[in-house]
Structures are given as structure tokens and as C-alpha cells.
Amino acid sequence: MTEPAGTREPAVPVIAMVLAVDRTYLYGRRMYETMVCWETAGSAADEPAVFRDYAAIWRAAEKIVYSRTLQTVSSSRTRIERDLDRDAVRRLTEPSGADIAIGGAELAGRALGAGLVDECHLFVCPIVVGGGKRALPETSAPDSSSSTNAGSATASFTSTTASRGPGV
């Protein structure tokens with residue numbers, strides 16, 4: 001796996017935090033295209049064990065890519081859906097109650113708007129390169145009944161958790 005210079009060491013503790021939860025991954029097209037490198041990553045002996053562990057978990061997880069333009073996927077246990085169906089996403093959690101990870105700004109915003117998100121875990125790396133989409137849509141910021149917990153994951157990353165309040 002090729003990484004930008006200076007990103008390996010800060011990424012290891014962040015990846016380790018993500019490893020703690022088994023999940024299904026829901027991706028927008030661009031996030032899937034970024035994450036699909038894990039399909040073949042983790043095989044080099046010089047990679048940290050946490051990279052190998054995450055690659056194995058990613059390959060074993062079910063992945064759903066929401067895209068109107070993507071025609072094929074290049075990873076196992078992956079399917080394409082054209083539209084976010086609230087009831088279908090809720091059914092994904094029924095068998096085990098396991099968490100679902102949503103990746104991609106637009107998809108996350110749609111899931112927030114549909115009331116599918118109970119808790120947000122944002123891992124922010126304060127490096128700005130060019131422009132892009134907002135991490136969260138303006139209308140989906142946690143409300144006054146939400147609790148927010150911010151803590152430093154590493155010197156280069158910040159971890160923030162926001163939860164919906166009771167009865168939300």
C-alpha cells in the first residue's frame with residue numbers, strides 16, 4: 001500500500017481504534033475508491049501488524065457502495081446499490097445489532113437526514129489540501145440534547161464523538 005509521506009505513524013493508532021468494532025461498511029463511490037486499496041493491502045512483511053489486521057477485517061466485512069455511476073466493484077463481499085433505502089439499512093443491524101460504518105460526506109449526510117445515525121465518530125487530520133465537501137451537512141449538526149466528547153488520538157489526528165440525545 002502506498003501512503004503519502006509522513007502519514008504512516010499517525011495513522012497506526014487511528015486504525016487501531018477503528019479495529020475494535022466489527023461492522024458493515026456503507027460507502028459513497030469516492031470513499032469506496034479510496035478504501036478499496038485494503039483489498040490487497042496488508043500483505044507486505046514490513047507493514048505494521050495493525051495494517052495487516054485492518055486489511056483482513058476490511059476484506060471480511062460486507063461492503064455496500066451507493067452510487068448511480070459505478071458499474072462494477074473490485075473487492076469481495078461488495079455490492080452496489082443505487083439509492084439509500086432507510087428500511088434496508090435498518091434491516092442490516094437486525095441480525096446482530098452490530099454497528100454500521102458510513103463513509104463519504106454525501107452518503108453520511110443523507111443517512112443523518114434519514115435518521116439512521118445514532119452516533120458519529122469523526123477522525124480529523126488537520127491537513128488541508130485543496131477543497132472538498134463538508135464533513136457534515138449544516139443541517140445535521142448534533143442538537144442541544146447531544147453529547148460531544150473530543151479527545152486527541154495522536155498528535156496528528158483528533159477523534160470526536162457526537163451522540164443523539166435520549167428520545168431523538
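Q: Is Glu-39 buried or exposed, and how far away is the nearest side chain of opposite charge?

A: Let's start with the words. Buried means under 20% relative accessible area, exposed means over 50%, and partly exposed is in between (1.4 Å probe, protein chains only). For charge, Lys and Arg count as positive and Asp and Glu as negative, while His and the chain ends are not counted. A salt bridge needs a side-chain nitrogen of Lys or Arg within 4 Å of a carboxyl oxygen of Asp or Glu. Here, Glu-39 is buried but has no salt bridge; Lys-63, the nearest side chain of opposite charge, is 4.7 Å away. Do keep in mind that this is a predicted model, where local features need pLDDT of at least 70 and side-chain atom pairs count only at pLDDT 80 or more, although totals for chains, interfaces and linings use all residues. Residues are numbered from 1 along each chain as its sequence is written, and side-chain values use heavy atoms, leaving out hydrogens and water.

Q: Where does Glu-39 lie, and which residues is Glu-39 in contact with, leaving aside its neighbours within four places in sequence?

A: Helices (H or I, at least four residues) and strands (E, at least two) are DSSP runs, numbered from the N terminus. Glu-39 sits in the loop between helix H2 (29-35) and helix H3 (49-60). Contact means heavy atoms within 4.5 Å. Leaving aside neighbours within four places in sequence, Glu-39 is in contact with Trp-58, Arg-59, Ser-74, Ser-75 and Ser-76.

Q: How many residues does the largest nonpolar core have?

A: A nonpolar core is a set of buried Ala, Val, Leu, Ile, Met, Phe, Trp, Tyr and Cys residues joined through side-chain atoms within 4.5 Å. The largest one here has 16 residues, and those with the most contacts inside it include Tyr-32 and Trp-58. Strand E1 (23-28), H2 and H3 are the elements that give two or more residues to this core. H3 gives the most, with five residues.

Q: Which residues do the salt bridges join into one network?

A: The general idea is that side chains of opposite charge can pair when their charged atoms come close. In this protein, Arg-79 forms a salt bridge with Glu-62, with the closest N and O atoms 2.5 Å apart. Arg-79 lies in strand E3 (residues 78-81) and Glu-62 in the loop between H3 and strand E2 (63-66), so the pair ties together parts 17 residues apart in sequence. Glu-81 also forms a salt bridge with Arg-79, at 3.0 Å between the closest N and O atoms. Through shared partners, Glu-62, Arg-79 and Glu-81 are joined into one network.
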